[in-house]
Amino acid sequence: MASGVLSFLFTVFSQQISKMAYMTQEGYDKMLAQLRRMEQIERPAASAAIAEARDKGDLSENSEYEAAKEHQAMLEMKINNLKATIADAKIIDKSQLKGDTVQILSTVEIRNVKNKALMKYTIVSESEANLREGKISSATPIAQGILGHKVGDVVNVKIPQGTIQLEIVSITF
C-alpha cells in the first residue's frame, strides 16, 4: 500500500515542479517559515515516531510502523514540493505594477451583471490563495476571465455552473 501512495505522491510532486510561483514577499516569507517548521520540528517528530514503532517488535505485522513510515514519506514529499515552489518563486514588486489593468496582486471589485452582486478579490498565486481572506488564485476561472481587462469592461467568465457576466468596477493594489 505504501508504494502505491508514494507513486501517486511522486506523480503529483513531479507535476508541481514545473509551475512558476509568482508571489508577494509576505507569501514567500510564510513559505520559508513553513519549510523551517517542517524540517526542524515535523521531520524529527516523524523520525521519532518511526523509532518508537520499530521498538515495538516484529515489523512485518506492525501497522503503527507502516503508518509512521507512510507519514514520513508524505512529509518528505511536502517538504520537497515546498522547496521546489520556493526555488521557482518570483517575488512581485507591487510598485512596478500598473493599476489600469487587472493583473496578479490586483484587488478587483467586480459586479455580477445579472444579479448585481458585488464581489471583491485580490488575485494571488496558488500558494497564497485563501477565499476567507478574499484572495483567489490566478488560476481560478474568475481570475483567468478578468486578467488583462480594465475598469468598465464586462467579461464573460466560464465557471462550473455555466457562464457569468462580470463588470470590473475598480482595480487597486
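**The sheet and its core**

Tutor: Five strands form an open sheet with mixed pairing, in the order S5-S4-S3-S7-S6. Strands are DSSP runs of E with at least two residues, helices are runs of H or I with at least four residues, and both are numbered from the N terminus; two strands pair if DSSP finds at least two bridges between them. Strand S5 (135-137) and S6 stand at the edges with a single partner strand each, so one side of each is left without a neighbour in the sheet. From one strand to the next the twist averages 45°, where axes are lines fitted to C-alpha atoms, for helices over the stretch in contact, and angles run from 0 to 180 degrees between N-to-C directions.

The model is predicted: local features need pLDDT of at least 70 and side-chain atom pairs count only at pLDDT 80 or more, while totals for chains, interfaces and linings use all residues. Residues are numbered from 1 along each chain as its sequence is written, and side-chain values use heavy atoms, with hydrogens and water left out.

Within the sheet, S3 and S7 pair in the antiparallel sense over six bridges. Glu109 stands opposite Ser170 in S7.

The largest nonpolar core has 15 residues, of which Val102, Val108, Ile110, Ile123, Ile146, Leu166 and Ile168 touch the most other members. Such a core is a set of buried Ala, Val, Leu, Ile, Met, Phe, Trp, Tyr and Cys residues joined through side-chain atoms within 4.5 Å; buried means under 20% relative accessible area, exposed over 50%, and partly exposed in between (1.4 Å probe, protein chains only). Two or more residues each come from strand S3 (107-112), strand S4 (118-124), helix H4 (141-146), strand S6 (154-159) and strand S7 (162-172). S7 gives the most to this core, with four residues. Leu166 touches residues including Ile110, Met119, Ile142, Val154 and Val157, not counting residues up to four places away in sequence; contact means heavy atoms within 4.5 Å.

Leu105, in the loop between S2 and S3, has a positive phi of about 80° although it is not a glycine, and Leu105 is buried at a relative accessible area of 3%. Lys116, in the loop between S3 and S4, likewise has a positive phi, about 65°, without being a glycine, but Lys116 counts as exposed at 55% relative accessibility. Most residues other than glycine have a negative phi.
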